[in-house]
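Please read them with the structure open beside you.

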Amino acid sequence: MSARPAAVLWDMDGTLLDSEKLWDIAVRELAREHGRELTDEVRHALIGASGPNALRMLFDGIGVVPSPQGIAEAGEFLERRVTELMLGPIPWRPGAKDALAMVRAAGLKSALVTNTKRSLTEYGLDTLGRDFFDTSVCGDEVAHGKPDPAIYRRAAQLLGVDPGDCVAIEDSPTGSLAAQGAGCGLIVIPCEIAVPEAPGRVFRESLIGLSVDDLGAALVARV
């Protein structure tokens, strides 16, 4: 049994673009700016987190108590460094470009839904191509980013559809919680870290060969 979704809601970093590797460079350099080395455990915890949450988690993880000014400076450092890295070629995740084209060819609505702030997302859109998306929502455009479901609800609202009629495609535990919290169907394609099995989560190894039927099956599987 399958159904036809009203829209597909795409995460960006680690799902469509292999850009988590760029963030990895930047956050490890930030830790070194404070005389610390970032452990893999802390780095993995940051994946999918919204900007303010990620900074708090990073400082907690390296054992530094930051001032408000320190938080602001760290955010500026990350934006500046990731911008530099994104000015170079950003690699795609396997099958991502064909999957975006498939959704467009099928006449389905499409939105980019990312915890990354707007200024940096624009560089991602330069690589992805804006024609693939009807709208986009970024982490600094909602009160709380993922894992809060508000960002997915906002994307569905902008598309004029119900979140329960949408399929989200994610790579992280944080994003998966946000998508399911909004009531979306969910396809999970882990990238840098494992995502726990849970009811309603449909797992794939990659976006290669993704079809409308696969999207429909995820919609039916949602809880």
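This is a predicted model: local features need pLDDT of at least 70, side-chain atom pairs count only at pLDDT 80 or more; totals for chains, interfaces and linings use all residues.

1. Domain 1 and domain 2 bury about 1,500 Å² between them, and 59% of that area lies on carbon and sulfur atoms; buried area here is the accessible area (1.4 Å probe) that two parts lose on being put together, summed over both.

2. Residues are numbered from 1 along each chain as its sequence is written, and side-chain values use heavy atoms, with hydrogens and water left out.

3. The protein chain is divided into domain 1 (7-18 + 91-221) and domain 2 (20-87), with bounds that come from an automatic or database domain assignment. The centres of the two domains, taken over C-alpha atoms, are separated by 24 Å. Their contact (heavy atoms within 4.5 Å) takes 15 residues from domain 1 and 14 residues from domain 2.

4. Across the interface of domain 1 and domain 2 the rule finds 3 salt bridges, each being a side-chain nitrogen of Lys or Arg within 4 Å of a carboxyl oxygen of Asp or Glu. The side chains of Lys21 and Glu192 meet in a salt bridge, at 2.9 Å from N to O. On the side of domain 1 that touches domain 2, helix H6 (residues 118-128) gives the most, with 3 residues; helices are DSSP runs (H or I, at least four residues) and strands likewise (E, at least two), numbered from the N terminus.

5. Is Ser172 buried or exposed? Ser172, in the loop between strand E4 (166-170) and helix H8 (173-181), is buried because its relative accessible area is 2%, where buried means under 20%, exposed over 50% and partly exposed in between (1.4 Å probe, protein chains only). Leaving aside neighbours within four places in sequence, Ser172 is in contact with Ile47, Gly48 and Val195. A polar atom of the Ser172 side chain lies 3.0 Å from the backbone nitrogen of Gly175.

6. Ala156, found in helix H7 (residues 150-159), is buried, with a relative accessible area of 0%. Beyond its neighbours within four places in sequence, Ala156 is in contact with Val161, Asp162, Pro163 and Cys166. Ala156 and Cys184 are 28 residues apart in sequence and 9.5 Å apart in space, C-alpha to C-alpha.

Note on methods: A polar contact is a pair of N or O atoms within 3.5 Å; within protein, one must be able to donate a hydrogen and the other to accept it, and residues adjacent in sequence count only if both atoms are side-chain atoms.
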